[in-house]
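Colleague: I would like to learn how to read helix packing, strand pairing and confidence in a model. Please take the features one by one.

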Amino acid sequence: KATDSIKETIDAMKANLKEAQESVQPDAEGEEPAEEDTSIAAPDQDPLPTGWGEATTEEGYTYYYNEATSEQTWDRDEVFILDKKSQKKPTTNEELAKILMDVTVYPPGKCGPMPIPTEPTMTYYDGAMQLTNDRKNKPLGYFTLGRTVANTPNKVTLPDGRELGEKDLYKEAIRYGPKMAWGYIGLGTSMTNNVSEHLHDRRAFLKKKECFVEAIKCDPRNSFAFNALGVAVTVGKTVLLHDGRNVDKMDCYMEALRVDPKCARAFYNIGADMINNNSTVMVNGHRLTAKECYIRCVRLDANNAPAFNNIGNILAEDETFDYHGRSMGKRECHIEALRIDPSFTYAIFNMAVSMKDDEEIQHPDGRAMSKIDLFTEVLNYTPGNDKAVTKLKNLLLEGETITLKNGTKINGKKVVGK
């Protein structure tokens, strides 16, 4: 039957071809049309991806289908789009943890403290709580809950009735996921130096830097862990990694950039650890000064206020650099730092120092501020800043007084005419 069917099909094709040839008529000038090229052309379409097939409806329309995913489409081009989406690897717990850490953690060490998070949304919080009930995702669930209470004394009440704070939640993440680097990173980031924490299954205690060493053992390509370890290592000291290497602060930052050339935190910390701003260091084949390290940092991380502040401090009065098409000098850098963090007192102080006594600047929030206003702002945030107190007293006239928000009075000592 199959042979008869094929024979019938061939006969039908021959009949159609003969009919088409007989229907060809000479053109208007009596010339026969050019002979048709009957050679088989090379296909101009890519073959369908694995798992996809082609079929025709009873009406003669072609469509494409995938039995494994039950997807169907009339458009051949859409087949490749759907196939690409189906091949996308699911986000791993490590990748999700990195996203959480990057979103909520300010650059460690000299880049400022980790911010106190706002009240977590119910979706975020409840989603993390649900993960703790999933055996496979317990580590990520506990890590996520730890992020919701980072840098606060708050505790999370678990379904079993336990109330755990940030550190204990990270310990639970390590307990259920001893090979997930971010549990150790979270714990290390939440600790202060010279303090040790005991884990459930270990007799020994872990110090801050040892947490990052463990994280690197779990994930040797974790740039965050290398950078954080560099911050934790004491100047002039080294720490032993599990692969036998002894590394110091600069080694850690360099390793962070080796595994991730776009690690903005590492560029910042290299610049901060360079004793002389005119000295240079070789980074991934490029010799950079401290200023150039900071510039690379802000080009990678537009929200790094300390880096903008430090660039402003290093630039000469008439010196500028290109920042995504903008020409940035000292003043622009300090203003950008304030735009990012209006309470960043170092930038406020440095802005005031660079101003003339009778000059005013436009604060990013719209306020017109004088030199006196800026030093007063510094003291409202940090009342114990002796340098700001001295600067403000020297600007105020004798008998002139400014009262800070905490009630402290600053009396002027500037004599008129001097």
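Colleague: Which hand does the crossing of α5 and α6 have?

Modeller: The crossing of α5 and α6 is left-handed. A crossing is called left-handed if the near helix is turned anticlockwise from the far one by less than a right angle, and right-handed if clockwise. This is a predicted model, in which local features need pLDDT of at least 70 and side-chain atom pairs count only at pLDDT 80 or more, while totals for chains, interfaces and linings use all residues. Residues are numbered from 1 along each chain as its sequence is written, and side-chain values use heavy atoms, with hydrogens and water left out.

Colleague: At what angle do α5 and α6 pack, and how far apart are their axes?

Modeller: Two packed helices are described by the angle between their axes and the distance between the axes. Helix α5 spans residues 138-148 and helix α6 residues 166-176; they pack at about 165°, with axes 8 Å apart. Axes are lines fitted to C-alpha atoms, for helices over the stretch in contact, and angles run from 0 to 180 degrees between N-to-C directions. Helices (H or I, at least four residues) and strands (E, at least two) are DSSP runs, numbered from the N terminus. The two helices α5 and α6 are therefore roughly antiparallel to each other; angles under 35 degrees count as roughly parallel, over 145 as roughly antiparallel, 65 to 115 as roughly perpendicular and the rest as oblique.

Colleague: Which residues of α5 and α6 meet?

Modeller: Contact means heavy atoms within 4.5 Å. On the α5 side, Lys138, Pro139, Tyr142, Phe143, Leu145, Gly146 and Arg147 take part, and they meet Glu166, Leu169, Tyr170, Glu172, Ala173 and Tyr176 in α6. By class, this contact of α5 with α6 has eight nonpolar, one polar and four charged residues (Ala, Val, Leu, Ile, Met, Phe, Trp, Tyr, Cys and Pro count as nonpolar, Asp, Glu, Lys and Arg as charged, and the others, Gly among them, as polar).

Colleague: How do α8 and α9 pack?

Modeller: Helix α8 (residues 208-218) packs on helix α9 (residues 223-232) at about 155°, with the axes 9 Å apart. Their crossing is left-handed. Members of the contact include Phe212 and Ile216 in α8 and Phe226 and Leu229 in α9. The contact of α8 with α9 divides into nine nonpolar, no polar and two charged residues.

Colleague: What is the order of the strands in the open sheet of three?

Modeller: Strands of a sheet pair through backbone hydrogen bonds, either parallel or antiparallel. Here the order is β1-β2-β3, with antiparallel pairing; two strands pair if DSSP finds at least two bridges between them. The edge strands, β1 (52-56) and β3 (71-73), each pair on one side only. Strand β2 (residues 62-66) pairs with β3 over three bridges, and Tyr65 stands opposite Gln72 in β3.

Colleague: Which residue takes a positive phi in the hairpin of β10 and β11?

Modeller: Asn284 does, near 50°, in a hairpin with two residues between the strands. Strands β10 (residues 280-283) and β11 (residues 286-289) are antiparallel and share four bridges. Val281 stands opposite Leu288 in β11.

Colleague: Where is confidence lowest, and where highest?

Modeller: pLDDT is the predictor's confidence in each residue, from 0 to 100. The protein chain averages 79, and 75% of the residues score at least 70. Confidence is lowest in helix α1 (residues 2-22), at a mean of 51, and highest in strand β9 (residues 246-247), at 96. Over residues 23-43 the pLDDT is below 50, and this stretch has four contacts beyond near neighbours in sequence. Residues 103-123 also have pLDDT below 50, with 49 such contacts beyond near neighbours in sequence.
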